[in-house]
Amino acid sequence: MIELKNINYSAVDKNDIIKDLSIVFPEKKITVITGANGSGKSTLVKIIMGILKPSSGEVWMNGKDITNFSITDRARNGLTMAFQQPVSFKGITVKKLIEIANGKSLSVGQVCEYLSKVGLCAKDYVNRELSNKLSGGEMKRIELAVSLAKGGSVYLFDEPEAGIDLWSFDGLVGIFESLKDKTIIIVSHQQKILDIADNILLLGANGKYTFGTRDEIMSSIHRPRVCRALEDTHE
Amino acid sequence: MNKIDKELLEKIADLHSTPEGSYNIRKNGQSVGRKSNSDIEIITKKDKAGIDIIIRPGVKNKSVHIPVIITESGLTESVYNDFYVGENSDIVIVAGCGIHNPGKDKSEHDGIHSFHVGKNARVQYIERHYADGTDAEKVLSPTTEITLEDGAEMTLETAQLGGVTYAKRVTRAILKNDAKLIIHEKILTEFNQKAETHFNVELKGKNSSVQVISRSVAKNKSYQKFVSNVIGKNECFGHVECDAILLDRARVVSIPKIDAKCVDASLVHEAAIGKIAGDELIKLETLGLSQEDAEQVIIQGFLN
Ligand SMILES: Nc1ncnc2c1ncn2[C@@H]1O[C@H](COP(=O)(O)OP(=O)(O)O)[C@@H](O)[C@H]1O
Ligand SMILES: [Mg+2]
């Protein structure tokens, strides 16, 4: 469970990106954060992970105030994040990163298991360097595999579907469903992912937001594609 | 061989026992073990310190180890090793020097190596430098002169991963037709250490090529300087890549020079110096590593 209490965030020279946001991301539920580009979705998950500090407000995780926790401490307490833009490393292999995430050395077989879960033909990747020689889609899948290898009780996935067009969406949805007993927060625009949401947080311009169950949010929009309707939430 | 000797030999040459093939082990200014064979002959120089290493033409898949260790304080030496690599041979040469300085005086080994690599021969040359002991100076300054005849190929792997107070590496090479030189250099400096590298590569022959990849990490108040000069005198190809990670208050200076004296020369130099990338640190922290451990992982990977 993640609870945000009166979170404010404004970047330098910018209007408020997040304004007095208070919501609960419940356990055993999938909450999808959606909204137009630049509405602050990544900013919000980075605040939860501790990568960005809110100008004010509190972040609670499973009943614990983690507002002043470092990234490392949050990670060790079970918070796991898959980045929108995966990071490349010179000289670090896929296997090594999965081992770091998992906290111990693993056999090639064990590493392959994580890679196959995200639809990668594992043997081809184990010893590849996490450099820009991998394609964007490959990096995204490896990023997912790394977060699965890390494990945790709260998962933040920032646009996990980006670049994963070749791989069946069902596989991706299957991953989220396999984590059903955890707290899942997914940033996404995709209808298929909105479809599996229990709750939706819709971010608008200037820090405006709407939060509710999927049905509430979908019916308030009255349109099949949420992203199109986002302009309506702007003033 | 005592425990310190064995540790040094392991560090610089991966030697756990007597090497296979021919070898010469030099300790505190003297040869303490040598083996020549009909393929590779090692001869002591008469006029100065050092050896001639003669590799017969056509010798394939053989190796020669010539590690140097110094375990005395106050010992300074210049040693001349000349390699004559016969045509069409294919060999691995493992050199390297380890200093354990137990006292307060400077210990220094300057290896002056010359390579005469015959036509179509292939050489893999591995040189690792390491030092430990007291705070006294430990200096390792190798000079390497290389001539690659037509079609010869040489890979030079040098590494200095800590402990050396001062190093000045000078490498000069002349490449003839179709010759190919690959240089991989890894340097880690910390505390007040200084390391300088100078490459001067002359691409004389048609279709000759050089590739230099230098990766370095400078910590604390250490200083590194990288100077390279690639001169293209024919239809040739040169690529120099110098990447450095800076930590604390360290300094790295990179002075690249590429000089195309022929319209068909193609020369590239890439250099990047900077802090550890913030996003790399953050990613590793989100996997539960402390900032210090994350730095360690990134540096190890970078120098891998
Ligand atoms: N480091 C930054 N400095 C200034 N503005 C930023 C920075 N990062 C993001 N922004 C701005 O904050 C807003 C929200 O960005 P972001 O959270 O990445 O949006 P989203 O993920 O919803 O597309 C955008 O207007 C963006 O331009
Ligand atoms: Mg985003």
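Predicted model: local features only at pLDDT ≥ 70, side-chain atom pairs only at ≥ 80, totals over all residues.
Residues are numbered from 1 along each chain as its sequence is written, chains are lettered from A and ligands numbered from 1 in the order in which they are written. Local features need pLDDT of at least 70, side-chain atom pairs count only at pLDDT 80 or more, totals for chains, interfaces and linings use all residues, and side-chain values use heavy atoms, with hydrogens and water left out.

Eleven residues surround ligand 1. A residue belongs here if one of its heavy atoms lies within 4 Å of the ligand. The closest are Gly38(A), Gly40(A), Lys41(A), Ser42(A) and Thr43(A). By class, the shell holds three nonpolar, six polar and two charged residues. Nonpolar covers Ala, Val, Leu, Ile, Met, Phe, Trp, Tyr, Cys and Pro; charged covers Asp, Glu, Lys and Arg; the others, Gly among them, are polar.

A polar contact is a pair of N or O atoms within 3.5 Å. Within protein, one atom must be able to donate a hydrogen and the other to accept it, and residues adjacent in sequence count only if both atoms are side-chain atoms.

Taken alone, ligand 1 exposes 560 Å², and the protein buries 58% of that. Accessible areas come from the Shrake-Rupley method with a 1.4 Å probe; for residues, only the protein chains shown count as cover.

Helix α1 (residues 41-49) of chain A gives the largest share of the shell, three residues. Helices (H or I, at least four residues) and strands (E, at least two) are DSSP runs, numbered from the N terminus. How many of the nine residues of α1(A) are buried? Eight are, and the helix is mostly covered. Buried means under 20% relative accessible area, exposed over 50%, and partly exposed in between (1.4 Å probe, protein chains only). The buried residues include Lys41(A), Ser42(A) and Thr43(A). Just after the helix, Gly50(A) takes a positive phi of about 95 degrees.

The size of an interface is often given as the accessible area lost when the parts come together. Here chain B and chain A bury about 1,700 Å² between them, 66% of it on carbon and sulfur atoms. That buried area is the loss (1.4 Å probe) on putting two parts together, summed over both. Lys283(B), Thr286(B) and Leu287(B) supply 37% of the area that chain B buries against chain A, more than any other three residues. The contact takes 18 residues from chain B and 21 residues from chain A. Contact means heavy atoms within 4.5 Å.

Lys90(A) touches chain B residues Arg215(B), Asp243(B), Gly301(B) and Phe302(B), and also Glu129(A), not counting residues up to four places away in sequence. Its side chain makes a polar contact with the side chain of Asp243(B) at 2.8 Å. Lys90(A) sits in the loop between β6 (79-82) and α3 (94-102) of chain A. It is partly exposed because its relative accessible area is 35%. The C-alpha atoms of Lys90(A) and Gly40(A) are 30 Å apart.

Glu129(A) is also among the contacts of Leu134(A), beyond four places in sequence, as are Tyr125(A), Arg128(A), Met139(A) and Ile142(A). Leu134(A) lies in the loop between α4 (108-117) and α5 (136-150) of chain A. At 5% relative accessible area, Leu134(A) is buried.

## Residues within chain B

His100(B) lies in strand β9 (residues 97-101). Is it buried or exposed? Its relative accessibility is 17%, so His100(B) counts as buried. Its side chain makes a polar contact with the side chain of Asp132(B) at 2.7 Å.

Ser266(B) lies in strand β22 (residues 265-274). It is partly exposed at 31% relative accessibility. Beyond four places in sequence, Ser266(B) contacts Cys236(B), Phe237(B) and Gly238(B).

Phe191(B) is not a glycine, although its phi is positive at about 50 degrees. This residue is in the loop between β16 (180-189) and β17 (194-203). Phe191(B) counts as exposed because its relative accessibility is 53%.

Asn207(B), also other than glycine, has a positive phi near 65 degrees. Its loop runs between β17 and β18 (208-218). Asn207(B) is partly exposed, at 45% relative accessible area.
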